[in-house]
Structures are given as structure tokens and as C-alpha cells.
Amino acid sequence: WNLQNLGHQGVCSELLRGILLVAAVYLLVGCVYKSQALGETGLAMIPHVHFWRDYPDLVRDGVRYAAAFVTELLGGRPLPFVGGGAATLGRPSIDRDTFANFEPLK
């Protein structure tokens, strides 16, 4: 996408429309695949549902980290940063970054 076109009228609307279209196709294709190939129903049909459930917590952790970093960079007292996402909200910790739940394709 050519950023020089940002001066033209309606270009940002077209970009937003394109992003929403890609998101809708991602959601639709993912739901159909998980429904037909994996037999999922309900919320489990949403592609990468665990990521999307954790996303607000990940953003919150990022904002806290950035605030602590900027505060320390400007000479303020370092803020204690404790990341954690889902584990800090009382939900069970998921071993996402390990092979604890790995099952090979059959």
C-alpha cells in the first residue's frame, strides 16, 4: 500500500474497509474450518480463541511495561512490573509455550 496516497480523500476509509474485510474473512474461514474439520461448536469455533481471550491482558501488560520503562527513563523511581496475563486474573495458567499439551497429528 502506497503511503503517499494518504493525502487523497477516502484513502483511510478504504484502508479501514480492507482491514475489516480481511478480519471478516479470517473469522469466517477459521470458524468454518474448525466447525467442519475439527467438529468444534460455540465459542470454540473462533480461530485462536485462547489468544483473543488473553489479548486484553497482554495489551494491559504492555501498557504497564511501557509506563514503567518511560518512568525509569525519565529519571523516576522504577515501578515494579509484574506481568502475567491470564495467570494473574485467577484463571489457570496455560502451558502455551511448552510442549506439555502437544499431540502429534495422526
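**Exercise 1. Is D61 buried or exposed, judging by its relative accessibility?**

Step 1: D61 has a relative accessibility of 13%. Step 2: buried means under 20%. Step 3: D61 therefore counts as buried. Keep in mind as you work that this is a predicted model.

**Exercise 2. Find which residue meets D61 in a salt bridge, and describe the pair.**

Step 1: look at the side chain of R64, which meets that of D61 in a salt bridge of 3.8 Å, N to O. Step 3: check the cover of the partner. R64 is partly exposed, with a relative accessible area of 44%. As background, side chains of opposite charge can pair when their charged atoms come close.

**Exercise 3. How many salt bridges does a search of the whole structure find?**

Step 1: the search finds two. Step 2: besides the D61 and R64 pair, the side chains of R60 and D57 meet in a salt bridge at 2.9 Å, N to O. Step 3: the side chains of D57 and R60 are also joined by a polar contact of 2.9 Å. Step 4: R60 and D57 are three residues apart in helix α2, so about one helical turn separates them. Step 5: compare their cover with the cut-offs. D57, at 5% relative accessibility, counts as buried, while R60, at 38%, counts as partly exposed.

**Exercise 4. Check whether the span of helix α1 agrees with its number of residues.**

Step 1: helix α1 covers residues 11-36, which is 26 residues. Step 2: at 1.5 Å a residue, using one less than the number of residues, the helix should span 38 Å. Step 3: the end C-alpha atoms of α1 are 37 Å apart, which agrees. Step 4: while you are looking at α1, pick out its buried residues: V11, G30, C31 and K34.

**Exercise 5. Which residues make the nonpolar surface patch, and which helix supplies the largest share?**

Step 1: Y26, L27, F51, W52, Y55, L58, V59 and V63 make a patch of about 710 Å². Step 2: α1 and α2 each supply at least two of its residues. Step 3: the largest share, six residues, comes from α2. Step 4: take F51 as an example; F51 is found in helix α2 and counts as partly exposed at 37% relative accessibility.

**Exercise 6. Describe the protein as a whole: how many helices and strands does the protein have?**

Step 1: there are two helices and zero strands. Step 2: of the 106 residues, 11% are buried. Step 3: the accessible surface comes to about 9000 Å², with 65% belonging to carbon and sulfur atoms.

Conventions: Residues numbered from 1 in each chain as written. Predicted model: local features only at pLDDT ≥ 70, side-chain atom pairs only at ≥ 80, totals over all residues. Heavy atoms only, no water. Helix = DSSP H or I, 4+ residues; strand = E, 2+ residues; numbered from the N terminus. Buried < 20%, exposed > 50% of the residue type's maximum accessible area, 1.4 Å probe, protein only. Polar contact = N/O pair within 3.5 Å; in protein donor to acceptor, adjacent residues only side chain to side chain. Areas by Shrake-Rupley, 256 points an atom, 1.4 Å probe, with all protein chains shown as cover. Patch = residues over 30% accessible without salt bridge, like charges linked within 9 Å, V, L, I, M, F, W, Y side chains within 5 Å. Salt bridge = Lys/Arg side-chain N within 4 Å of Asp/Glu carboxyl O.
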